Amino acid sequence: MIYINLPEEKQRRLSFYLAMEEHVAHVVDADDCFFMWQVEPTVIFGRNQLIENEVNIDYCRKHGIQMIRRKSGGGCVYADMSNIMFSYVTKDENVNFTFNRYINMVALVLHKMGVEATASGRNDILIDGKKVSGNAFYHIPGRSIVHGTMLYDTHMEHMVGSITPTDEKLVSKGVQSVRQHIALLKDYTDMSLADFKRFVRENLCQEEATLTSEDVKAIEEIEKEYLTESFIYGKNPRYTLTKRGRIEGVGEFDIRLELKNEVIKEMNIMGDYFLVGDIDSRLLKPLLGVKLNREELGKALPERLDDLILNLEKEDFINLMIQQ
C-alpha cells in the first residue's frame with residue numbers, strides 16, 4: 001500500500017481531505033492508497049442525513065465547531081486534533097470485501113501494538129466491546145473509498161454537545177453515557193499520538209508518494225463543492241407522508257413521500273444507511289407513478305436492493321414503506 005503525502009504541512013479544513021480522497025482516487029494509479037489527517041473541531045454527517053436531525057447547529061456555532069457533509073453514508077461523527085482520521089482508496093469495488101479487508105487491516109495493526117481490537121457490526125472496530133473506530137464507504141467509478149475515525153483521545157463535551165440535539169444542561173449526562181460505549185486508545189497504549197501515527201504508517205504502507213502543488217490546486221477545486229451551503233444543508237423535499245424506522249443491520253430510514261391519490265409523485269430517502277449503488281436510477285425513479293401498496297411496490301422494485309443499500313432486503317424495505 002502507498003502512503004500519500006502532501007507537499008507541505010498545513011492546517012486544513014476537513015473538506016479538503018474529503019476532496020483529497022476523490023483526487024487520489026482519480027489520479028493515483030495504485031491498487032491501494034492510504035493517508036491520515038487531523039482537523040480542528042468538526043462534525044461530519046452522512047450524505048443522506050438531514051443536518052437538523054443530526055447536528056446541534058446552535059452548539060456548533062457557539063463553540064466554533066465546523067459542520068461538513070461527506071459523500072459516504074452512515075452516521076454523524078465528531079473529529080478534533082486529539083483523534084485521527086484515516087482515508088483508504090482502493091481499486092476493489094466489492095463493498096463487503098473492501099470494508100472487511102480495511103477494518104481487519106486496522107485491527108491487525110492495533111493487535112501488533114498489543115491492543116485487543118475486534119471488527120464488529122457494519123463498520124466498527126471495538127476494544128473491550130467499546131467503539132474506538134467507525135468507518136464509512138462510497139464508490140466512484142473504478143475506485144472505492146473508505147474513511148473513518150480513530151479515537152486516540154477527544155473533547156468529550158464537544159463530541160456529545162455537537163451531535164446530540166439537546167439542551168446543554170444534558171451534555172454532562174450525555175458524556176457519562178457515551179463514555180461507557182466508546183474506547184479512547186490512549187487508555188490502552190503507552191504510545192504518544194505521534195508515535196501511534198508513525199506505527200500505523202510503517203505497518204500499513206510499504207511505499208510513499210508525494211502530491212504536487214498542482215495536485216493541491218486540483219483538490220481545492222473539488223473542495224469548493226463541499227463548502228457550498230446547498231451541499232452542507234441540503235434541500236428538504238416537499239412531502240405529504242413520512243415513513244420512519246430502523247432495519248437491523250442496515251440503518252435508520254426517514255422516507256419522505258409526496259403522494260397524490262396514493263400514487264408516489266416525489267420521494268427521497270434520508271438516513272444513516274450505507275449507499276453502495278445508484279439508488280436514484282434503480283430505486284427512486286422506478287417508484288415514481290407507483291401506488292403505495294405491497295403488490296405495486298413489489299413489481300416496481302428490483303429483486304435485489306443490497307447492491308444499492310448495504311444489507312437491504314426487498315421485503316424489509318417494502319414493509320417499511322407500507323407501515324402505518
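Is E208 buried or exposed? E208 is exposed, and its relative accessible area is 54%. This value, like the others in this report, comes from a predicted model.

**The salt bridge of E208**

The partner of E208 is R201; the two form a salt bridge in which the closest N and O atoms are 3.0 Å apart. R201 has a relative accessibility of 25% and counts as partly exposed, whereas E208 counts as exposed.

**Helix α8**

Helix α8 covers residues 213–226, which makes 14 residues. From its first C-alpha to its last, α8 reaches 20 Å, close to the 20 Å expected at 1.5 Å a residue. Five names make up the buried set of this helix: D215, V216, I219, E223 and Y226. Viewed down the axis of α8, the buried residues fall within an arc of 95°, so they line one face of the helix. Several elements cover these buried residues, including the helices α1 (14–27) and α9 (229–233) and the strands β4 (66–69) and β9 (130–140).

K217 and E214 are 3 residues apart in α8, so about one helical turn separates them. An α-helix has 3.6 residues a turn, so residues three or four places apart point the same way. K217 is partly exposed, at 48% relative accessibility.

**Helix α11**

A salt bridge also joins the side chains of K299 and E296, at 3.9 Å from N to O. Both residues lie in helix α11, which runs over residues 294–300, and they are 3 residues apart, about one turn of the helix. K299 is exposed, with a relative accessible area of 58%, while E296 is partly exposed at 29% relative accessibility.

**Salt bridges across the structure**

| Pair | Distance, N to O |
|---|---|
| R201 and E208 | 3.0 Å |
| K299 and E296 | 3.9 Å |

How many salt bridges does a search of the whole structure find? The search finds 23 salt bridges. Some residues are joined in a network: salt bridges link E22, K71 and E225.

Notes:
Residues are numbered from 1 along each chain as its sequence is written. This is a predicted model: local features need pLDDT of at least 70, side-chain atom pairs count only at pLDDT 80 or more; totals for chains, interfaces and linings use all residues. Side-chain values use heavy atoms; hydrogens and water are left out. Helices (H or I, at least four residues) and strands (E, at least two) are DSSP runs, numbered from the N terminus. The expected span of a helix is 1.5 Å times one less than its number of residues. Buried means under 20% relative accessible area, exposed over 50%, partly exposed in between (1.4 Å probe, protein chains only). The arc is that of the directions from the helix axis to the C-beta atoms. Contact means heavy atoms within 4.5 Å. A salt bridge is a side-chain nitrogen of Lys or Arg within 4 Å of a carboxyl oxygen of Asp or Glu.
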